[in-house]
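Subject: Structure handover

Hello,

Here is the structure I promised to send over. Please open it alongside this note. My findings follow below.

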Amino acid sequence: MAPSEDSHVCVTPEGFTVLSLRFSEDDAHAALHQLCVKEHRVRSESSTDRPSDRTLFVLNVPPYCTQSVLTDIFSRFGQIQSVELCDKPGPKSSDSDTSGYFSPTRRQCFRVAYIVFRSAAGVKAAKRHPQSVPLIASTVDRAVRTGLHKWIQQYSDSLVEASSLQQTVDQFMNEFDRRKEEEAERQKQEAEQQQEDEEGWVKVTKSKARPHSETANQKTLQREEQKKRRKELLNFYSWQHRNTQREHIAELRKKFEEDKQRIAVLRAERKFRPF
């Protein structure tokens, strides 16, 4: 690690600024934890939730730092818009339709964080923070629960109120019934459009075709050509099948007569031993 222009700011060769983190003010003699922060700039990532000029990328986040704890720690540098915790760096995963009641439990491990400030000045202030001044995670005003108190809180948070769960189930079932009714109505309209009118005509509606790429079209043409050649090799016309069957039966009869003659000769010479 090499010091930057400010002797109190430590910057790594990869461009990360090292910040010191202390769990509480009472642990004055305890070892300090190191956070590595850097302005988040990824060309391949076009997420609007992580603007390049206002997002701070944080490495080596300890397990006791939740979203609320990180918000309290970094709010000293500026107003925070959002905090995102991930197990490893990467693009933001899309929101799934899974209910929050069935969300998987996160692993207790060191993680990475994406902190979005309201303005770009927050990112610059965090990068200028001296390493000699540690950040405090747990204070008297915002104490971080540990040990037995933390387990009790986690257990209490895992309990679900019956009324809240019932409300979520009702909302899901109402949405499901609405989609089923819309699907049934759509199928009914399509069936009515396909019915014959008074003059016996049937109105055929054109369904939306999936857009195909040039590669997909070439593969489809190749499959059609292979099917065509296969049909030609199998003698597609019925009279050719009949001629082939007649020739095969005549060949079998010829072999049968030859075998009968061969057996007769062996019997005459007393060399025929069927067993």
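Helices here are DSSP runs of H or I with at least four residues, numbered from the N terminus. By that count, F176 is found in helix α4, residues 162–194. Please keep in mind that this is a predicted model.

**Surface patch**

Let me start with F176. It has a relative accessibility of 35%, so F176 counts as partly exposed. F176 also belongs to a nonpolar patch on the surface.

**Aromatic pairs**

How many aromatic pairs does the structure hold? There are four. Two are described here.

F23 sits in strand β3, residues 17–24. Y64 is in the loop between β5 (55–61) and α1 (67–74). The pair links distant parts of the chain, 41 residues apart. F23 is partly exposed, at 23% relative accessible area. Y64 is partly exposed too, at 22%. The cut-off for buried is under 20%.

Next comes F57 with Y114. Here the ring centres are 5.2 Å apart and the planes are at 35°, so the pair counts as tilted. F57 lies in strand β5 and Y114 in strand β7 (residues 111–117), so the pair ties together parts 57 residues apart in sequence. Are F57 and Y114 buried or exposed? Both are buried.

F57 and Y114 also join F16 in a cluster linked by ring pairs.

**Charges over rings**

The charged end of K38 sits over the ring of F16, 5.1 Å from the centre. R50 lies over the face of Y114, 3.7 Å from the ring centre.

**Nonpolar core**

In soluble globular proteins, nonpolar side chains tend to be buried together. In this model, the largest nonpolar core has 25 residues. Which residues have the most contacts inside it? They are L56, V58, L70, I73, F74, I115 and F117.

α1 gives the most, with four residues.

Best wishes

How values were computed: Residues numbered from 1 in each chain as written. Predicted model: local features only at pLDDT ≥ 70, side-chain atom pairs only at ≥ 80, totals over all residues. Heavy atoms only, no water. Phe/Tyr/Trp six-rings, centres within 6.5 Å; stacked < 30°, edge-to-face > 60°. Helix = DSSP H or I, 4+ residues; strand = E, 2+ residues; numbered from the N terminus. Buried < 20%, exposed > 50% of the residue type's maximum accessible area, 1.4 Å probe, protein only. Lys NZ or Arg CZ within 6 Å of the ring centre and 35° of its normal. Patch = residues over 30% accessible without salt bridge, like charges linked within 9 Å, V, L, I, M, F, W, Y side chains within 5 Å. Areas by Shrake-Rupley, 256 points an atom, 1.4 Å probe, with all protein chains shown as cover. Salt bridge = Lys/Arg side-chain N within 4 Å of Asp/Glu carboxyl O. Core = buried A, V, L, I, M, F, W, Y, C linked by side-chain atoms within 4.5 Å.
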